[in-house]
Amino acid sequence: MNKIINVNLGGYPFTIDEDAYAHLNGYLETIHAHFKKSEGYEEITGDIESRMAELFSDKLKGAKIISLQSVKDVIKVMGTPEDFGAAPIHESIEADSYSTIQKGKTAKRFFRDSEDKILGGVASGMSAYFGIKDPLWLRLGFLIAFISGFGILLYIVLWVLAPETASAADRLAMRGEPININNIAKTVEEEIDGVGERLSNLTHKFDGKKKPRRERVNLGYSYRKGSIS
Amino acid sequence: MKIENTKAQMRKGILELCILSIIAEQESYPSDIIGKLKESELIVVEGTLYPLLTRLKNAGLLHYNWKESHKGPPRKYYQLTKEGHQFLNELIGTWSSLVKAVELTTKNVISNE
């Protein structure tokens, strides 16, 4: 059994397996990131999404649900930014500077980690920023600072200033990892695992109570017409 | 220096000429264009074509009409504008002189290698 998700791709509705969705979403995020700086960004990504919608409806032929395999097949046809190869000659300067950002030298950004937080995720975000593996040390530091007084204000200021991670790409930027299809797929998978873990924690919490309440989990899938955001 | 990169640059340089020629022959939908480019091994993945078409369109060399399709979303059919035809003619001129220049400068090497 597999969970399914309804999506709007290029203005067309599709029903898609959960794992296939994670893969597709990761792919589209790389495509969007790749073309973000190109002139006609919306049109290019719109064209690509419509074409993918067409390839999916071609592939489905009576079947109802898009599988991971068909997502992989369609991505093979469209290609990843790595397959797009060298940039056209007169675009190469811009594209080169973009690819150096992409390859390894991704600047770290200070985010609050939405996936690993006790209060606002400031300590875990800061740990990721400074490359400290376990946020426990900074949490202890903040705790000491709280007790001594001035820490609360500092924490609140950081909380307000730092944006919270909202997407897989944000989480990669937080750790300073390059934003590419493999990394995004990895991060999305981690996030889905995280949801599973929190769900099972939740059920454990309700064990022992007479009547477990049904929790509705918002996975945060949001769509606007014609594109997956 | 990577040979693959140089090869890709060579192909990219003539891609615009080839795309414009395909569209000049008949009004085309991106996947027709891709089919022909794939046959000639000029591009391998479809994602390469869309940014190029958008750029040629924004430069005023192409324009498109929407046409309904039997399955899936409506399709864009591209045509050359007047400027597009002029642009293509010039490219063809440049291409012919390039072919001659390359033949002239490489013929000794090519026969020896």
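**Sheet, crossing and interface**

Trainee: What makes β2 (12-17) and β3 of chain A a pair?

Mentor: They are joined over two bridges, in the parallel sense. Two strands pair if DSSP finds at least two bridges between them. So the pair qualifies. A:Thr15 has A:Ile65 of β3(A) as its bridge partner. The model is predicted: local features need pLDDT of at least 70, side-chain atom pairs 80 or more, while totals for chains, interfaces and linings use all residues. Residues are numbered from 1 along each chain as its sequence is written, and chains are lettered from A in the order written.

Trainee: Why are α1(B) and α4(B) called oblique?

Mentor: The axes of α1 (3-25) and α4 (82-112) of chain B cross at roughly 130°. Angles under 35 degrees count as roughly parallel, over 145 as roughly antiparallel, 65 to 115 as roughly perpendicular and the rest as oblique. Therefore α1(B) and α4(B) are oblique to each other.

Trainee: Which residues make the contact of these two helices?

Mentor: Among them are B:Leu17 and B:Ala24 of α1(B), and B:Phe87 and B:Trp95 of α4(B). Contact means C-beta atoms, placed from the backbone, within 7 Å.

Trainee: How many residues of chain A are in contact with chain B?

Mentor: 26 residues of chain A contact 19 of chain B. α2(A) gives the largest share of chain A's side, 10 residues. That side divides into 11 nonpolar, eight polar and seven charged. Ala, Val, Leu, Ile, Met, Phe, Trp, Tyr, Cys and Pro count as nonpolar, Asp, Glu, Lys and Arg as charged, the others, Gly among them, as polar.

How values were computed:
Helices (H or I, at least four residues) and strands (E, at least two) are DSSP runs, numbered from the N terminus. Axes are lines fitted to C-alpha atoms, for helices over the stretch in contact, and angles run from 0 to 180 degrees between N-to-C directions.
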